[in-house]
Amino acid sequence: MVALDQMGDLSGTLGGCVPFSLSVPDAYPGSAKFPDLIFGMATTYSRLIDSLPSIAHWSSGRESKLIVVVEDWVERNDDVLELQGMYRKSGVKAFFIQPFDKTHSTSQSHFMVLTRMVEESGPETKWFGLLDDDTFYPHLTPLSEALGSLDHTRDMYVGGLAEEFGSIKNFGIMAYGGAGAYLSAALAKKLGTLDQATQCLQESPPNLGDIILRDCVYHHSRARLTVLPGFYQHDLLGDLRGFFESGVQPLNLHHWKSWYHEPVVAMAAATNFCGSCFLQRWRFGHDTVLSNGYSIGVYSEGLDAIDLSKMERTWGQIYGDEDPRYEYILGSLRDKVGEDQRKTYHLKDTEIRRGTMRQLYLRKGDPKASQPDEVIELIWRR
């Protein structure tokens with residue numbers, strides 16, 4: 001441990017590194033392209049500025065088109081066009097467009113973007129994804145492979161349910177929009193004509209984009225929701241440590257900068273070093289678990305008393321005292337481990353260079369108890 005607030009020579013203080021040999025997969029191909037995917041969303045200029053780093057992480061250089069209805073286009077026209085240039089300079093094939101009607105709600109724009117997505121699609125386009133601006137993909141390879149297991153030439157409506165039963169009871173069976181709603185090319189071209197889309201707007205309430213899409217699918221096709229494992233709506237409040245430390249392999253993350261806060265770009269950088277190793281777990285000794293790209297947990301009472309096959313329930317719920325019933329989506333849960341029974345080092349930064357990945361994990365000390373901050377640096381070499 002080093003006191004960073006004190007000057008002096010650190011040589012000899014840090015000690016030597018202890019190497020471990022681990023078996024990890026290869027990185028996802030850096031040159032992989034995904035023209036089979038096209039994405040659409042509706043948001044504002046300021047949120048697009050904020051979203052550039054996260055969207056660029058999964059979209060830059062991937063040949064997947066991104067169509068965005070910018071709600072405040074009229075007020076920020078010149079700024080929006082400049083921002084579109086910034087997206088394209090970062091390697092994102094972005095098309096920013098104005099709302100189809102100035103009276104449309106954001107949810108209506110979220111649905112109507114499908115019509116422009118159909119116009120911009122080509123014979124290579126197999127799947128149309130309608131997203132929120134805080135939908136994040138650790139990498140597009142698993143998404144493309146998961147959707148590729150389905151038949152895009154049939155009418156297919158694909159997505160994930162909310163994690164807790166309260167939302168399902170209130171809003172119904174549908175692809176919850178933050179996890180993304182995905183239409184096969186066959187279905188998108190059927191529903192994405194201007195006449196059909198306009199009719200669907202007239203048939204549904206204006207304030208919930210994923211419900212507009214659901215009603216349009218159910219009223220005008222024989223498709224019904226196909227739930228694809230790995231999509232997460234993340235209607236979970238506060239601390240999602242239990243989710244990220246469970247060994248889960250998510251196709252997407254959502255609400256990561258609103259309902260909870262995590263540095264997803266730094267976290268998912270691991271996919272560029274060892275592919276599906278993101279959030280893979282390793283156990284060290286009798287008391288330590290590494291959840292790669294998220295945390296290092298050290299348990300004072302050891303790991304033998306903890307069922308690591310179950311997800312730790314660390315988050316709050318959104319429907320008061322009502323039983324949220326998370327198990328259908330998240331599986332079996334276990335009680336939260338008290339803060340006095342574990343030390344957690346959270347990932348803060350990742351750097352990959354010349355076949356080496358460096359990760360910094362930080363545990364904030366309690367100033368009132370005169371506890372210093374602690375840092376663990378992991379250096380991965382192939």
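**Exercise 1.** How many aromatic pairs does the count come to? Then work out how F39 and W58 are arranged.

*Solution.* This is a predicted model, and the count for it comes to 15 aromatic pairs. Now take F39 and W58: their ring centres are 5.1 Å apart and their planes stand at 75°. Planes over 60 degrees apart count as edge-to-face, so that's what this pair is.

**Exercise 2.** Are the rings of Y182 and F231 stacked or edge-to-face?

*Solution.* Start with the numbers: the centres of Y182 and F231 lie 4.7 Å apart, with the planes at 15°. Planes under 30 degrees apart count as stacked, so this pair is stacked. Then look at where they are: Y182 belongs to strand 6, while F231 is in the loop between strand 7 and helix 9, 49 residues apart. Finally, check burial: Y182 has a relative accessible area of 1% and F231 has 3%, so Y182 is buried and F231 is buried too.

**Exercise 3.** Describe how helix 3 (residues 106–120) and helix 7 (residues 194–203) meet.

*Solution.* First, the geometry: their axes come within 9 Å and cross at roughly 165°. Angles over 145 degrees count as roughly antiparallel, so helix 3 and helix 7 are roughly antiparallel to each other. Second, the contact: Q108, F111, M112 and T115 in helix 3 meet L194, A197, T198, C200 and L201 in helix 7. Third, sort these residues: six are nonpolar, three polar and none charged.

Methods. Residues numbered from 1 in each chain as written. Predicted model: local features only at pLDDT ≥ 70, side-chain atom pairs only at ≥ 80, totals over all residues. Heavy atoms only, no water. Axes fitted to C-alpha atoms, helices over the stretch in contact; angles between N-to-C directions. Helix = DSSP H or I, 4+ residues; strand = E, 2+ residues; numbered from the N terminus. Parallel < 35°, antiparallel > 145°, perpendicular 65-115°, else oblique. Contact = heavy atoms within 4.5 Å. Nonpolar A, V, L, I, M, F, W, Y, C, P; charged D, E, K, R; others polar. Phe/Tyr/Trp six-rings, centres within 6.5 Å; stacked < 30°, edge-to-face > 60°. Buried < 20%, exposed > 50% of the residue type's maximum accessible area, 1.4 Å probe, protein only.
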